[in-house]
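Trainee: I have just opened this entry and would like a guided tour. Could we go through it step by step?

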Amino acid sequence: MSPRKTIVAPSILACDFSRLGAEVERADAAGADWIHCDVMDGHLVDNISFGPAFVEAASRHTRLPLDVHLMIERPDIYVPRFADVAASITCHVEAAHDVSKTLLAIRDSDCLAGLAVSPPTPLESIRPHLGHFDILLIMTVNPGFGGQPFLPEMMEKVSAAADWRARDALDFHIEVDGGINRATAAVSLASGANVLVAGTSVFKAADIVAEIVALREGTPR
Ligand code: DX5
Ligand code: ZN
């Protein structure tokens, strides 16, 4: 299989919400590949962020794929509310839904289907779903808030997932999310990830263009 393209997906959770349109345009112009949208419901995670109307508003400021990360207890109910504007929709294996059905519903709505696994959950939990998702999102912080430190022990999951993918000749992206900066991006890429979600490091960077280039190239400094 040819080497996977590295995808940098700035998370708008870290942007200035009062200037959403300009912030999305800034990330787009700086070279982002996808725009990552963190939807939280206050149930699956201890925070409430934004919903479909906000994601739709963001979509009016870019043609880049919107990568919607549903940190919500009932993704099965809400998938249709995002499907018109999302390119990919990721649900959590820990949420209260029939994971197989939700993944199928996401693919049926012409979006890439993602499955996310939080730090305390073993990778084994996603094994029954291999072949039925397009993105495996390995959380590198406990989901809920931006700006937390990267958990390096999650790299074992990344490399195990890359092994499973090679062994079964499967085709899915491996995405890491949480605490991604130049140094942790390099570690993640070396472990087998190819999609880098980065909130704080991109939106708070002094030079957003240089930051995105450095993340993509995996250059620690
Ligand atoms: C965490 C979210 C992340 C978050 C990453 O719950 O899923 O996407 O925005 O933010 P940083 O890059 O600041 O850790
Ligand atoms: Zn996320």
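**Contacts, strands and overall build**

Mentor: Start with one residue in this predicted model. Leaving aside residues up to four places away in sequence, Ser49 touches Leu13, Asp38, Val39 and Met40.

Trainee: Where is the place of Ser49 in the chain?

Mentor: Look at the elements on either side. Strand S2 covers 35–40, and helix H2 covers 52–59. Ser49 sits between S2 and H2, in the loop.

Trainee: What distance separates the C-alpha atoms of Ser49 and Asp38?

Mentor: Asp38 is one of the residues that Ser49 touches. Along the chain, Ser49 and Asp38 are 11 residues apart. Their C-alpha atoms are separated by 7.1 Å.

Trainee: Is Ser11 buried or exposed?

Mentor: First place Ser11: it lies in the loop between S1 and helix H1 (20–29). Its contacts beyond four places in sequence include His36, Asp38, Val197 and Phe203. The cut-off for buried is under 20% relative accessible area. Ser11 has 5%, so it counts as buried.

Trainee: Which residues of strand S1 point the other way from Ile7 and Ala9?

Mentor: S1 runs over residues 7–10, and all four are buried. Ile7 and Ala9 share one direction. The other way point Val8 and Pro10.

Trainee: In which sense do S1 and strand S8 pair, and which residue in S8 does Val8 stand opposite?

Mentor: S8 covers residues 195–198. S1 and S8 are joined over four bridges, and the sense is parallel. Opposite Val8 stands Leu196.

Trainee: Why does the radius of gyration agree with a compact globule?

Mentor: Take the spans for scale: about 40 × 35 × 30 Å along the principal axes of the C-alpha trace. A compact globule of 221 residues would have a radius of gyration near 17 Å. The protein chain agrees with that, because its value is 16 Å.

Trainee: What share of the residues in the protein chain is buried?

Mentor: Count over the whole chain, 221 residues. Buried residues make up 56%.

Trainee: How far apart do the centres of the positive and negative side chains lie?

Mentor: There are 18 positive side chains and 29 negative ones.

Terms used:
Residues are numbered from 1 along each chain as its sequence is written. Chains are lettered from A and ligands numbered from 1 in the order in which they are written. This is a predicted model: local features need pLDDT of at least 70, side-chain atom pairs count only at pLDDT 80 or more; totals for chains, interfaces and linings use all residues. Side-chain values use heavy atoms; hydrogens and water are left out. The radius of gyration is taken over C-alpha atoms; the globule rule is 2.2 Å times the number of residues to the power 0.38. Buried means under 20% relative accessible area, exposed over 50%, partly exposed in between (1.4 Å probe, protein chains only). Lys and Arg count as positive and Asp and Glu as negative; His and the chain ends are not counted. The place of a charge is taken as NZ of Lys, CZ of Arg, CG of Asp or CD of Glu. Helices (H or I, at least four residues) and strands (E, at least two) are DSSP runs, numbered from the N terminus. Two strands pair if DSSP finds at least two bridges between them. Contact means heavy atoms within 4.5 Å.
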